[in-house]
Amino acid sequence: MNSWKFYNALFARVFMVIITLAFSLYLFGNGYLYSGILILVFAVLLCAEMYSYIKNKLIFYDKTILSILNNDFSANFPAAVKEGDYKNLCLLYDTLKQKQHDGSSKELIYRSIINNIDTAVLILEKENNDWNIFLMNDCFSSLFSVPKVTSWDYLKNYLPSLCNEIEKNGFNELKTSINIKIEQQEAQTFMLQTSLTKSFNKDYCIILLDSIQRVIEKKEKEAWINLMKIISHELMNSLTPIRSLSQNLLQIVDQDHLEPEDFEDIKSSISTIINRSDHLQFFVENYRKLAALPTPNKKPTAVHLLFEDCLKIMSPIFESENIEITNEIDKNQIISIDQNQIEQVIINLLTNSVFALKEKKHKSIKLTTTAQNNRFYITISDNGRGIENEIKDKIFLPFFTTRKDGAGIGLTLSKNSIEAHGGYLSHRTDNEQSGGRTHFTICFIQEGN
């Protein structure tokens, strides 16, 4: 407030009270009893007015200070107040109000940025040696099917494996991989990274969780580099002998006279050129399949009918190989997919199972489906020889194959098709105690269910 104006007004009131009291005492001393009483009453009224004046000033001052302390900047002062005794107080209030609005705008922008990134973010705040959730972004909430709670203990009920890992590390900085089980689903692997920071004497723990799929994507980039090496290698393996044989043919036909053995050389060279050309064409066609995967034309499709078509196509192979099929496909489930693309994926997976069962006496393939939290899972499992640890990270790489007659693009095409549908394709092999079965699981995320 304007201190000089306040002090001057207060001084004038105090002076008037002193004068009226002195005049009242003077009247009492000279025997003017009623006049002295009248003046004394006037002095009391002046004291009451001075008390009210001071009280109103302090009440306004206290209310404004409390509003500032509680971050309540909803009040708007009239111009007369801003230019009156409370000019400096109103200026302070408006300055802090503007800073609070600026801070709120920045916080809104920061939250919007954090909520729109694909990485799961959780920020903890430490108060009185207890950690609570300061911020949980949308990705974290949707990825783990967790409501945006503020209690760390409450979060432990949803994600005990994550919370226990962080507590075990003492909320210190950490960088590792972790398997997290989301509700009743199979455990998924995530990259976990935590960092500590301090602001205004408060400790914050920032937790970042990234799907291992992102890490795989980095490896896939390396795989595409390797693919280019493979392409170069295949091209050179075909073009070099073709060029050499072409030069040889040119030398033969340039002769004035051709011997019978020359015709044999010509025939052999042309045959080799045709074989290398066919090999090169086969390779390029497979590459084109990978590079030109069409956008899925999704339509509502009954899953059990889709599998019936696939099983009809594969039935001659199953009968010849004496493979037992256990079909537990949900007959009531309808999902939105490109039927042609997913049919090819299922046939690829079934074909891989047939190959994995070659050396088994009792051969079985099991087909199952489950639906949970807007996710629909299709699992194809077999009791074949399984996937060796050495090649687990390579089976989805383009042109990688363990079959002599394989092109090495079946699983790559299948994975790309599922990802084009917004889902993912995963695999796991049980240990011998669990039956030693290999499972390939397709996950579709159904929107609006």
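**Nonpolar cores, aromatic pairs and a surface patch**

In this predicted model, the largest nonpolar core comprises 32 residues, and Leu-350 and Phe-444 are those with the most contacts inside it. Two or more residues of this core are supplied by each of the helices α10 (303-321), α11 (339-356) and α12 (410-420), and likewise by each of the strands β8 (334-337), β9 (363-372), β10 (375-382) and β12 (438-445). When residues up to four places away in sequence are set aside, Phe-444 touches Ile-335, Ile-337, Ile-342, Phe-376, Ile-378 and Ile-418, and also Asn-374, Arg-375 and His-421. Apart from this core lies another, of 26 residues, which includes Cys-139, Trp-152, Cys-205 and Leu-209. In soluble globular proteins, nonpolar side chains tend to be buried together.

Aromatic rings were examined next. Across the whole structure, the search returns seven aromatic pairs. One of them joins Trp-131 and Phe-171, whose ring centres are 5.0 Å apart and whose planes meet at 15°, so that the pair is classed as stacked, the cut-off for stacking being planes under 30 degrees apart. Because Trp-131 lies in strand β2 (residues 130-136), whereas Phe-171 lies in the loop between α7 (160-168) and β3 (174-180), the pair ties together parts that are 40 residues apart in sequence. Both partners fall under the 20% limit for burial: Trp-131 is buried with a relative accessible area of 13%, and Phe-171 likewise counts as buried, at 12% relative accessibility. A tilted aromatic pair is formed by Phe-140 and Phe-144, with 4.9 Å from centre to centre and 55° between the planes; these two residues are both buried as well.

A nonpolar patch of about 960 Å² is made by Leu-21, Leu-25, Phe-28, Leu-33, Tyr-34, Ile-37, Leu-40, Val-41, Val-44 and Leu-45. The elements that contribute two or more residues to the patch are α1 (3-29) and α2 (33-69), and the largest share, seven residues, comes from α2.

Definitions and conventions. Residues numbered from 1 in each chain as written. Predicted model: local features only at pLDDT ≥ 70, side-chain atom pairs only at ≥ 80, totals over all residues. Heavy atoms only, no water. Phe/Tyr/Trp six-rings, centres within 6.5 Å; stacked < 30°, edge-to-face > 60°. Helix = DSSP H or I, 4+ residues; strand = E, 2+ residues; numbered from the N terminus. Buried < 20%, exposed > 50% of the residue type's maximum accessible area, 1.4 Å probe, protein only. Patch = residues over 30% accessible without salt bridge, like charges linked within 9 Å, V, L, I, M, F, W, Y side chains within 5 Å. Areas by Shrake-Rupley, 256 points an atom, 1.4 Å probe, with all protein chains shown as cover. Salt bridge = Lys/Arg side-chain N within 4 Å of Asp/Glu carboxyl O. Core = buried A, V, L, I, M, F, W, Y, C linked by side-chain atoms within 4.5 Å. Contact = heavy atoms within 4.5 Å.
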